[in-house]
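Please look through the sequence and the 3D structure shown here before reading on. The briefing that follows begins with a term and then moves from the whole chain to single residues.

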Amino acid sequence: MKRESKLWLTIKKNTPKISWTRLESWASYGVPDLLGYHDSCGFFMCELKCATGPKVSFSPHQKLFHMTKTKRNFIIVEQSPKGSPRSIKLYESSAIHGLLIDHRETPCLALDDWDHIQRVLINTRLDA
């Protein structure tokens, strides 16, 4: 199983208040991997990324999506450098500029706390 698929299963398991749909990104280039829904905030999207080094890779279409659609869109990065424990970070779409350079230096919305990650995703409103 691919690392991103494992991350998807982990997210689904650890965010039970969110109704998730996994999207087939081959159908529309650049569209994030997950569509989430909760009654309090409506729909939002999350891109899943796995990183072993300081830079996170994005396709040109993904870059364009996250640079132009920054409301209610997020990036979840699983960092697992060799010899270190795994880490999960939640970022706003607008953080993509920093993720392309060094995710370790880019401020995240939540770190290694699934309850906090779920709360941030649910409590971020469209008009925020």
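A residue is called buried when its relative accessible area is under 20%, exposed when that area is over 50%, and partly exposed in between, using a 1.4 Å probe and protein chains only. The model is predicted, so local features need pLDDT of at least 70 and side-chain atom pairs count only at pLDDT 80 or more, whereas totals for chains, interfaces and linings use all residues. Residues are numbered from 1 along each chain as its sequence is written, and side-chain values use heavy atoms, with hydrogens and water left out.

**The whole chain**

- The chain contains four helices and six strands, where helices (H or I, at least four residues) and strands (E, at least two) are DSSP runs numbered from the N terminus.
- Following the sequence, these elements come in the order α-β-β-β-α-β-β-α-β-α.
- The radius of gyration is 14 Å, close to the 14 Å that the globule rule gives for 128 residues, so the chain is as compact as a globular protein of that length; this radius is taken over C-alpha atoms, and the rule is 2.2 Å times the number of residues to the power 0.38.
- Along its principal axes, the C-alpha trace spans about 40 × 30 × 30 Å.
- Of the 128 residues in the chain, 42% are buried.
- Contact means heavy atoms within 4.5 Å, and among contacts between residues at least 6 apart in sequence, 52% join residues at least 24 apart.

**Helix α2**

- Helix α2 covers residues 60–68, and within this helix Q62, F65 and H66 are buried.
- Seen down the axis of α2, the buried residues fall within an arc of 90°, so they line one face of the helix; the arc is that of the directions from the helix axis to the C-beta atoms.
- The exposed residues P60 and L64 sit on the face of α2 turned away from its buried side.
- The packing partners of the buried residues of α2 are β3 (42–51), β4 (73–79) and α3 (96–101).

**Two residues with positive phi**

- Most residues other than glycine have a negative phi.
- R72, in the loop between α2 and β4, has a positive phi near 65° although R72 is not glycine, and R72 counts as buried at 6% relative accessibility.
- D112 lies in the loop between β6 (110–111) and α4 (114–123), and this residue other than glycine has a positive phi near 50°.
- With a relative accessibility of 46%, D112 counts as partly exposed.
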